[in-house]
Amino acid sequence: MKILAFIWLAVPALLQGQLGVQGSFYVGQADHRVRDAGVLVPASGAVFGGALTANVGPRFTIAAEGMSGHFTAASGASLDDHDIAQLQLIGGMKVRPWLTVQAGPLWRNVSNDLARQHWTALRVGGEARVPIGFESVRGVLRGYWMPLVSVSGLSRPDVALAASAGVEWRGRRIGLGTRYVLERYDFPVTAGNSRSEEFAALQAWVSASWSKP
């Protein structure tokens, strides 16, 4: 129903030509930490991603973002080395000049030479943009709760949260920025053993935008 409501409100603005498009590309250094039964398995690697965002009218946005990277275990080459690829879609509605509420699905594959693990999640949260004293420069804070998470081979996590903080500069057509992102998943205790996973990354990005009045 929420998706239908978004379409119902956004289509008139689109038909009136109130459309802006922004494409971005980012690179980063990321960590994937798994703690299972008290054993920590850290891995790290470079990630690459891109996003395409449509601003429909003054209030609505919809974005698609893809990311991939190869992670190498800290202990050296092993089956703990893995690849991560993900896609997420997120729609937003501006409720204040500085605040946008957002929601959308995320799909992720974690794979090594033996197996592939599938993640599916629904994110609900928002984005705040705060001036920090310089022209065209903003601080950007994002926070999400993931009430629905499915991971193949594992029970659904009890807690799933994501957050990011960064700084961006936007000119008329070009934007630059950096951000730190963090995700945390805590799974139910099974046979006395607990499991948690964290994804964290420091990213630098560049964007280009186009708008039709």
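Among contacts in the protein (heavy atoms within 4.5 Å) between residues at least 6 apart in sequence, 54% join residues at least 24 apart. The model is a predicted one, in which local features need pLDDT of at least 70 and side-chain atom pairs count only at pLDDT 80 or more, whereas totals for chains, interfaces and linings use all residues. Residues are numbered from 1 along each chain as its sequence is written, and side-chain values use heavy atoms, with hydrogens and water left out.

The protein holds one helix and 10 strands, taken as DSSP runs numbered from the N terminus (helices H or I, at least four residues; strands E, at least two), and the order from the N terminus is α-β-β-β-β-β-β-β-β-β-β. Strands are counted as paired if DSSP finds at least two bridges between them. Strand β6 (residues 116-131) and strand β7 (residues 137-151) run antiparallel and are joined by 12 bridges, with Leu-122 having Leu-148 in β7 as its bridge partner. Five residues lie between the strands in the hairpin of β6 and β7, where Gly-133 takes a positive phi near 100°. On strand β8 (residues 159-170), nine bridges connect to β7, again in an antiparallel arrangement, and Gly-166 in β8 stands opposite Val-140.

Buried residues (under 20% relative accessible area, with exposed over 50% and partly exposed in between; 1.4 Å probe, protein chains only) make up 36% of the 213 residues. Leaving aside neighbours within four places in sequence, the contacts of Phe-71 include Ala-30, His-32, Val-47, Asp-80 and Ile-84.

The protein exposes about 12100 Å², of which carbon and sulfur atoms supply 65%; accessible areas come from the Shrake-Rupley method with a 1.4 Å probe, and for residues only the protein chains shown count as cover. On the surface, Phe-25, Val-27, Phe-48, Trp-169, Ile-174, Leu-176 and Val-206 form a nonpolar patch with about 610 Å² of accessible area together. The elements giving two or more residues to this patch are β1 (19-36) and β9 (174-190). Patches of this kind are made of residues with over 30% relative accessible area and no salt bridge, nonpolar side chains (Val, Leu, Ile, Met, Phe, Trp, Tyr) being joined within 5 Å, where a salt bridge is a side-chain nitrogen of Lys or Arg within 4 Å of a carboxyl oxygen of Asp or Glu. Ile-174, placed in strand β9, is partly exposed, with a relative accessible area of 41%.

Technical notes
Patch = residues over 30% accessible without salt bridge, like charges linked within 9 Å, V, L, I, M, F, W, Y side chains within 5 Å.
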